[in-house]
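Reader: Please set out the fold, the cores and selected loop residues of the structure shown below.

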Amino acid sequence: MDNLFYFVDLPGYGYSKMSKKEQEQVGKFIEQYLFHRKEISLIIFLIDIRHSPTSNDKLMYNYIISSGLPCLILANKADKIAITKVDDTVKALQKELNPIGDIPTLPFSSERKIYKEDVWNFIDNHFNND
Ligand SMILES: Nc1nc2c(ncn2[C@@H]2O[C@H](COP(=O)(O)OP(=O)(O)OP(=O)(O)O)[C@@H](O)[C@H]2O)c(=O)[nH]1
Ligand SMILES: [Mg+2]
């Protein structure tokens, strides 16, 4: 097996601007993709570090868990809060979404590319250990 993998960006729920029909189609596509695509080795679920999980976040989280696929939660936009608050905020977010604490949760900032080392380490380990 080669070391090739792809990041696939699925539509988020920013799609509220779509018509009901389009939303339905996108929803069905995501369901097909998550539940039937055999090649998925990790779901990276991005949430906003600044807010406690929304009802959509909770729905999506439960949906991902029900797929039985491995998941990494990234608390994105970590550049938006004080560096001293990052660790506690990530812990609090994880506690809310995943009280058992078995789904790894890490800070991230896609804009500033900070905290990326831990994320790459996690991905490396994930691919090398299973
Ligand atoms: N400050 C900051 N802004 C960010 C970060 N990541 C994304 N954004 C901003 O958030 C907005 C939405 O980003 P997107 O990447 O479109 O978000 P998305 O989750 O893919 O949205 P949908 O797919 O429509 O649900 C944009 O204005 C980004 O610039 C981040 O790490 N830090
Ligand atoms: Mg998007």
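**Fold, cores and loops**

Author: The protein has four helices and three strands, where helices (H or I, at least four residues) and strands (E, at least two) are DSSP runs numbered from the N terminus. This is a predicted model, in which local features need pLDDT of at least 70 and side-chain atom pairs pLDDT 80 or more, while totals for chains, interfaces and linings use all residues. Residues are numbered from 1 along each chain as its sequence is written, chains are lettered from A and ligands numbered from 1 in the order in which they are written, and side-chain values use heavy atoms, with hydrogens and water left out.

Reader: In what order do the elements of the protein run from the N terminus on?

Author: The elements comprise four helices and three strands. From the N terminus on, their order is α-β-α-β-α-β-α.

Reader: Which residues have the most contacts inside the largest nonpolar core?

Author: A nonpolar core is a set of buried Ala, Val, Leu, Ile, Met, Phe, Trp, Tyr and Cys residues joined through side-chain atoms within 4.5 Å; buried means under 20% relative accessible area, exposed over 50% and partly exposed in between, with a 1.4 Å probe and protein chains only. The largest such core has 22 residues, and those with the most contacts inside it are F45, I49 and I73. Two or more residues each come from helix 1 (20-36), strand 1 (43-48), helix 2 (55-67), strand 2 (71-76) and helix 3 (86-97).

Reader: How many residues does the second, separate core have?

Author: L42, L74, L106 and V119 are among the members of this second core. Its total is seven residues.

Reader: Is S109 buried or exposed?

Author: S109 lies in the loop between strand 3 (105-107) and helix 4 (116-129). Not counting residues up to four places away in sequence, S109 touches N76, K77, A78, D79 and I114, contact meaning heavy atoms within 4.5 Å. Because its relative accessible area is 0%, S109 is buried.

Reader: Which accessibility class does A82 count as?

Author: A82 lies in the loop between strand 2 and helix 3. Since its relative accessibility is 40%, A82 counts as partly exposed.

Reader: What percentage of the 130 residues in the protein is buried?

Author: S109 is one of the buried residues. Over the 130 residues of the protein, the buried share is 32%.
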